[in-house]
Amino acid sequence: MRARITSQVRGMGSYLPERVMTNDEMATIVDTSDEWIVQRTGIRERHLAAEGEMTSDLCLKASERALEAAGMTAADIDLIIVATTTPDQTFPATAAILQTKLGISHGVAFDVQAVCSGFVFALTTADAYLRTGQAKRALVVGAETFSRILDWTDRATCVLFGDGAGAMVVEAVETEDEEEIGILASSLRTDGAHWKKLYVDGGVSSTGTVGHVHMEGREVFKHAVGMISDVIEDVLAKTGKTTDDLDWFVPHQANKRIIDGAGKKLGIPEEKTIVTVDKHANTSAASVPLALSVAVADGRIKSGDLVMIEAMGGGFTWGASLIRW
């Protein structure tokens with residue numbers, strides 16, 4: 001068999017800011033309650049970045065943990081892709097800031113902006129770089145300080161989001177083995193016709209904002225389950241797999257009702273679904289790697305497992321990837 005290059009996961013890491021805001025505390029800010037939030041979203045608490053704590057700071061802590069888990073140092077990395085909607089600055093890229101915080105100056109570093117789908121888009125991009133020999137080892141990070149672009153008087157949005165970061169180290173491995181391993185297939189979509197259903201009219205993380213998140217919640221929910229199912233079915237078709245073959249389903253942690261709806265439509269049982277939204281709310285691009293990191297750390301996801309990740313976000317953007325761990 002001719003040698004081929006596969007993109008294999010080497011380590012996961014995550015970071016959540018120390019500050020925790022519970023639903024009960026949220027109820028002192030806007031007209032809501034723990035019962036109302038849990039019933040509609042499954043969220044119980046969220047983490048908020050401290051004053052002066054930037055998106056790149058969250059990236060750094062998650063990245064250091066991912067590198068440690070991979071048994072590597074920053075010097076081993078030659079590609080950094082950060083998925084974020086809340087960069088430190090308009091430019092340079094948060095990935096470039098992360099690169100220098102890691103103490104390296106070689107390789108390539110850039111950001112990807114696909115909102116909640118950002119990590120899936122970034123991982124798919126890294127996979128393309130690795131498979132074509134443009135990089136050897138990639139650090140892929142999803143990170144957000146979403147709390148800085150929220151209208152804290154709007155209960156329809158402020159209860160939903162939190163801050164955090166998750167990171168993955170992926171390595172290009174040349175193999176002649178017929179065994180499937182690494183990133184097997186991905187599917188990405190965008191439809192800009194829906195942009196007004198979920199958008200921000202403000203600025204970036206470090207400078208404050210002149211606007212906030214705007215969302216037509218019912219419209220987003222209406223589209224989410226169908227769009228998620230679309231890309232998952234496409235990935236399964238590309239690989240000849242079915243949902244029965246999956247060991248784990250790791251969806252975007254936006255809303256428990258959306259997670260349940262997608263699982264039901266696809267026939268994925270709850271016991272195969274990783275859910276962490278209750279602990280950190282919707283952390284946008286960070287939510288998938290956060291959930292992956294938790295499930296790897298607690299031993300659920302292990303070597304050889306077949307894992308489907310997916311996300312959908314503003315744009316609309318949506319995507320899925322199938323990974324043999």
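Analyst: Two strands pair if DSSP finds at least two bridges between them. In this predicted model, strands E1 and E7 are joined by 11 bridges and run antiparallel.

User: What makes E1 and E7 count as a pair, and in which sense do they run?

Analyst: The rule asks for at least two bridges, and E1 and E7 have 11, so the two strands count as paired under that rule. Their sense is antiparallel, and one of the positions that can be followed in the structure is Tyr-15, whose bridge partner in E7 is Ala-165.

User: Why are E1 and E5 said to stand at the edges of their sheet?

Analyst: That open sheet holds 5 strands in the order E1-E7-E6-E4-E5, with mixed pairing. E1 and strand E5 (108–112) each have a single partner strand, so one side of each has no neighbour in the sheet. On average, and ignoring direction, neighbouring strands here are turned by 20° against each other.

User: How do you know that H5 packs on this sheet, and which strands does H5 touch?

Analyst: Contact means heavy atoms within 4.5 Å, and by that criterion H5 touches E1, E4, E5, E6 and E7, while its direction makes about 165° with that of E6. Helix H10 (residues 287–297) lies across E1, E6 and E7, and runs at about 85° to E1.

User: What makes the other sheet open at its edges, and which strands stand there?

Analyst: The open sheet of 4 strands has the order E8-E13-E12-E11, again with mixed pairing. Strand E8 (182–190) and strand E11 (248–251) have a single partner strand each, which is why one side of each is left without a neighbour in the sheet. Neighbouring strands in this sheet are turned by 10° against each other on average, with direction ignored.

User: How do you know that E8 and E13 pair, and over how many bridges?

Analyst: At least two bridges are needed, and E8 pairs with strand E13 (residues 317–324) over 8 bridges in the antiparallel sense, so the pairing meets the rule. Thr-190 has Thr-317 as its bridge partner in E13. Helix H5 (residues 118–131) packs on this sheet as well, touching E8, strand E12 (306–313) and E13, with its direction at about 125° to that of E8. Helix H7 (residues 217–239) lies across E8, E11, E12 and E13, running at about 140° to E8.

User: Why is the protein called as compact as a globular protein of its length?

Analyst: The protein has 10 helices and 13 strands. Its radius of gyration is 18 Å, which is close to the 20 Å given by the globule rule for 325 residues, and therefore the protein is as compact as a globular protein of that length. Buried residues make up 56% of the 325 residues.

User: How do you know that H3 has the span expected of a helix with its number of residues?

Analyst: Helix H3 (residues 55–70) has 16 residues and reaches 22 Å from first to last C-alpha, close to the 22 Å expected at 1.5 Å a residue. Its buried residues include Leu-58, Leu-60 and Leu-67, and the buried residues of H3 pack against strand E1 (4–15), strand E4 (79–83), helix H4 (94–101), strand E6 (137–145) and strand E7 (163–175).

User: Which other residue has a positive phi although it is not a glycine, and what makes it buried or exposed?

Analyst: Ser-284 has a positive phi of about 55° and sits in the loop between helix H9 (277–280) and H10. Its relative accessible area is 0%, so Ser-284 is buried. Most residues other than glycine have a negative phi, and most peptide bonds are trans.

User: What is the omega of the bond between Phe-91 and Pro-92, and what is that bond called?

Analyst: Omega is about 10°, and the peptide bond joining Phe-91 and Pro-92 is cis; Pro-92 is found in the loop between E4 and H4. Gly-315 and Phe-316 are also joined by a cis peptide bond, with omega about -20°, and Phe-316 lies in the loop between E12 and E13.

Technical notes:
Residues are numbered from 1 along each chain as its sequence is written. This is a predicted model: local features need pLDDT of at least 70, side-chain atom pairs count only at pLDDT 80 or more; totals for chains, interfaces and linings use all residues. Side-chain values use heavy atoms; hydrogens and water are left out. Helices (H or I, at least four residues) and strands (E, at least two) are DSSP runs, numbered from the N terminus. Axes are lines fitted to C-alpha atoms, for helices over the stretch in contact, and angles run from 0 to 180 degrees between N-to-C directions. The radius of gyration is taken over C-alpha atoms; the globule rule is 2.2 Å times the number of residues to the power 0.38. Buried means under 20% relative accessible area, exposed over 50%, partly exposed in between (1.4 Å probe, protein chains only). The expected span of a helix is 1.5 Å times one less than its number of residues.
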